[in-house]
Amino acid sequence: MAILVTGGAGYIGSHTCVELLKAGHDVVVIDNFDNSHPEALNRIAKIAGRAPASEAGDIRDQAFLEDVLRRHDCTSVIHFAGLKAVGESGEKPLLYYDYNVVGTLRLLQAMQAANVRKLVFSSSATVYGEPQKLPLEEDHPLSATNPYGRTKLVIEDMLRDFHRSDPSWHIAILRYFNPVGAHESGLIGEDPKGIPNNLMPIIAQVASGRREKLNVWGNDYPTPDGTGIRDYIHVVDLAKGHLKALDKLDQPQCFAVNLGTGQGYSVMEVIKAFEHVSNREINYEVAPRRPGDVASCYSDPSHAKGFLGWSATKNLRDMCQDMWNWQVKNPNGYE
C-alpha cells in the first residue's frame, strides 16, 4: 500500500513527500532528475525521519511505470512530473507536449493496466488564460495563453473525458497559483537549473549576490503600482492541499479545485517584503512586458475551504523568510 509520487524530487513534489511521510504513508518517488536533484530525497528522509522508496526513470516509459506500480503495490498516484517554464514552452512546444501530455497519457495507461484508479494531478491557474473576472473561481472559462498552459488544459480535458468513460476513477485536479517559499528547516526548497523562471528564486539569488539584478517585466500594467499581481502560495501549504485532496478521493469522482491564498501581491510588493526579511537591497531593472503574461491573477480559495477543508495559513512574510533561509543555507542549491 504505497502512494506513487511522480516528480517527487522536484520542488513541490519533495515538500509533498515530506507531508505524506509525516502522515504515515509509504511513498515511492519516480523522477528522471532532469530538473531536480537526487540529494532532495536524502533531505526528505532527514526531515520526515524515514526515506521514500525511489525509482529513477521516465514517465513516458509505460512498461517501467507498470512495473513500479505493481512491485510497490501502489494504490494512488500524485502526478507532478513535467516541464513548467512558460518561456521555454514557446521555444520548444513539442518537448512540452511530449513530457507533459504524452507522459500523462502513458501514466494513465500504466495505471489502467495495474488497476490503480486514484490520481491527484498538478494543474495550474494558467488554464484560466486571460482572466475575464477576478478572483478566479473554478467555473471560470478555460483557455491558455502559452504552450505550457495548453498542455495542462489538454491533460485536464483528457482526465475529464477519461472519467466520463469510466466513472469508477478517483481524480483530483489541483490548480496551483504561484508556489513559493521552502520548508522551514531550510533542507529542501526550489533549486531551478540554469536561470530561474519564477520571481522568488531570482529575488533570492539577487539578494545573496549570486545574480546581479532582477528584471521586472513591465511596470505599465493596469495595477496600483504598474507591476503584475499574482497569488503567491507557500509550498508547504500547497503540499498539505494534496493530502486533503487524497482524503477527499475516497469516493469515485473527478473534481478541479484552486489552491491559492486569494490575496494578490505585485512584483514590487514581493521585492519590498524580501528586502525586509533579508535586510538586503534588491537591485532591479524594468524591462518590457513578456508576451503571454497577464496583469493580474488571483484565486477565490473558498471552494478549497468548503470542499476540501483546506486553506493557506502562511503569509507573504513567511514565504520570503523561508525562501531566504533556504537560499542562505544552500547558496548553490543541492550541489
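Reader: What should I know before reading residue numbers and side-chain values?
Author: Residues are numbered from 1 along each chain as its sequence is written, and side-chain values use heavy atoms, with hydrogens and water left out. The model is predicted, with local features needing pLDDT of at least 70, side-chain atom pairs counting only at pLDDT 80 or more, and totals for chains, interfaces and linings using all residues.

Reader: How far apart are the centres of domain 1 and domain 2?
Author: Domain bounds here come from an automatic or database domain assignment. Domain 1 covers 2–181 + 232–259, and domain 2 covers 199–230 + 263–300 + 313–329. Taken over C-alpha atoms, their centres are separated by 26 Å.

Reader: How many salt bridges are counted between domain 1 and domain 2?
Author: A salt bridge is a side-chain nitrogen of Lys or Arg within 4 Å of a carboxyl oxygen of Asp or Glu. By that rule the count comes to 16 salt bridges. Between domain 1 and domain 2, though, the count is 0.

Reader: Which element gives the largest share of the lining of the second largest pocket?
Author: On a 1 Å grid over the protein atoms alone, a pocket is an open set of points with protein on both sides within 12 Å along at least five of seven lines, while a cavity is a set where a 1.4 Å probe fits but cannot get out; lining residues have an atom within 4 Å of a point. The second largest pocket has a volume of about 180 Å³, volume being the space filled by probe spheres set on grid points joined across faces, edges and corners. Its lining gets two or more residues from each of β1 (2–6), β4 (74–79) and α8 (235–248). The largest share, 3 residues, comes from α8.

Reader: How much space lies in the largest cavity?
Author: The structure holds 2 cavities of 30 Å³ or more. The lining of the largest cavity includes E190, R210 and W326, and α11 (316–329) is one of the elements supplying at least two residues. The space inside is about 60 Å³.

Reader: How many charged residues are in the lining of the second largest cavity?
Author: About 40 Å³ of space lies in this cavity, and its lining residues include H79, F121 and K152. Ala, Val, Leu, Ile, Met, Phe, Trp, Tyr, Cys and Pro count as nonpolar, Asp, Glu, Lys and Arg as charged, and the others, Gly among them, as polar. The lining has 4 nonpolar and 5 polar residues, and the charged count is 1.

Conventions. Helix = DSSP H or I, 4+ residues; strand = E, 2+ residues; numbered from the N terminus.
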